[in-house]
Amino acid sequence: MQSCESVVKGEKEMTTAKTNEIPYKIYLEENEMPKEWYNVRADMKNKPAPLLNPGTHEPMKAEELEQVFCKELVKQELDNDTPYIEIPKEVRDFYKMYRPSPLVRAYCLEEKLGTPAHIYYKYEGGNTSGSHKLNSAIAQAYYAKKQGLKGVTTETGAGQWGTALSMACAYLDLNCDVYMVKVSYEQKPFRREVMNTYGASITPSPSDTTEVGRKILAEHPGTTGSLGCAISEAVESAVSRDGYRYVLGSVLNQVLLHQSVVGLETKTALDKYGVKPDIIIGCAGGGSNLGGLISPFVGEMLRGENDYQIVAVEPASCPSLTRGKYAYDFCDTGMVCPLAKMYTLGSGFIPSPNHAGGLRYHGMSSIVSQLYHDGIIEARAVEQTEVFKAAVEFARVEGTLPAPESSHAIKVAIDEALKCKETGEAKNIVFGLTGTGYFDMYAYESFNNGTMSDYIPTDEDLQVGFATLPEVE
């Protein structure tokens, strides 16, 4: 077997007969980049349930959604039937600044683990936002600009989405107002400064600048916030001003559509070398990364063309898939957004201030939830300290410091590789490395000095959130 030392000396030398001449990093040519997004809903027999009006509980109409979202994005949100949707040339030209992203063969990690498994990861951290979020941010900003809007509002957890949207809005000369979950605002000051550098306005959430923020602060004094809180504030801010719309970095159908570029590039790169993945793993908070990575592979499963094991990995502190209920729920804590049918812990659930800020959402994408409910994908919950052990092990041998969110997928990828070591199976394992951890050093400091702890909500804790679920017939 080729040694890890020889692998890292030079990419041109990284080929052996045993590995079918697979390079350390697989890059696509510019002409191989996707020109269309893939809409997995077109191949789903059981479509995601429609969004409901929070007042009438009737399916939301386009004209109602257009009061909150951009018109073209509403069209994409409601389209369950068109399998491929053209990526505008302006968006494709922007993608060329950082795409295609590399698919990396983790030779060094394989050697360290002593596993016969072949491990690949799709690396999405090669842009200033440090994550996959820019794929949808530029698309949503483009449609807002095309509609003639002044600006957009949004929420952000760990800060990747807020950073990505700030970049996209700066590029297109749009105003960008970001409500950042308070615990992340405090833990990640440098992420704030990147957003400031790109001209965004950042407010810690919950805040006293909105009616819903003041209400949440009154009901939960001292709260560290949640994505649900921040969404409520961002929506209120958008609908109360002319020329503004709200944009979301995860959960919605439109976002998973834009993120399909990740899975499409991954599949094209694997196909070039005749590699069929056995296991595909992604971290899961709201579903954007996972949904984007797995969509073309799920499409093959739904069409009966192939079969894969797909694993969604979530934090044990916010276990919406593994311990949540499949029900209609508010997408936000303030209960002003449409109702979505999803695996949820209840919009009233306030998660612990753990360090995987991007996975601190109470619910899961309706697409991912439906696929999980139908048994197409599986889910696992992992504890924070085990996640950071995996992150450190990965960083020491692969040379990239991973984001805490991505490290959930790394943890399960290592688990599966060690199973292969026990059985002798040479499975192909693919996971999404959604971003870098360079703005997460307080989290790494907590792990390294031994002060990090695990929090797993009790059944009683979860019941507080479940009690806020609306009654929908």
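Leaving aside neighbours within four places in sequence, Ile281 is in contact with Leu293, Val311, Val313, Ala409, Val412, Ala413, Glu416, Ile429, Val430, Phe431 and Gly432.

Now widen the selection. The largest nonpolar core has 109 residues. Ile281 is among those with the most contacts inside it, along with Trp37, Tyr95, Tyr121, Ile294 and Phe431. Colour helix H6, residues 134-146: this helix gives the core its largest share, eight residues. Another core lies apart from it, with 25 residues, including Val251, Cys331, Cys337 and Ala340.

Stay on valine 251. Look in the loop between strand E9 (244-246) and helix H12 (253-258). Its phi is positive, about 70°, although Val251 is not a glycine. Is Val251 buried or exposed? Valine 251 counts as buried, at 9% relative accessibility.

Next, select aspartate 173, in the loop between helix H7 (160-172) and strand E7 (175-181). Asp173 also has a positive phi, near 60°, and is not a glycine. This residue is exposed, with a relative accessible area of 66%.

Two cis peptide bonds come next. Arginine 99 to proline 100 is cis, with omega near 0°. Pro100 sits in the loop between helix H4 (89-95) and strand E4 (103-105). Serine 205 and proline 206 are joined by a cis bond too, omega about 5°. Find Pro206 in the loop between strand E8 (201-205) and helix H10 (211-219).

Finish by colouring on pLDDT. The chain mean is 92, and 95% of residues reach 70 or more. Over residues 7-19 the value is below 50; this stretch has 22 contacts in the model beyond near neighbours in sequence. Where pLDDT is low, predicted coordinates should not be read in detail.

How values were computed:
Residues are numbered from 1 along each chain as its sequence is written. This is a predicted model: local features need pLDDT of at least 70, side-chain atom pairs count only at pLDDT 80 or more; totals for chains, interfaces and linings use all residues. Side-chain values use heavy atoms; hydrogens and water are left out. A nonpolar core is a set of buried Ala, Val, Leu, Ile, Met, Phe, Trp, Tyr and Cys residues joined through side-chain atoms within 4.5 Å. Buried means under 20% relative accessible area, exposed over 50%, partly exposed in between (1.4 Å probe, protein chains only). Helices (H or I, at least four residues) and strands (E, at least two) are DSSP runs, numbered from the N terminus. Contact means heavy atoms within 4.5 Å. pLDDT is the predictor's confidence in each residue, from 0 to 100.
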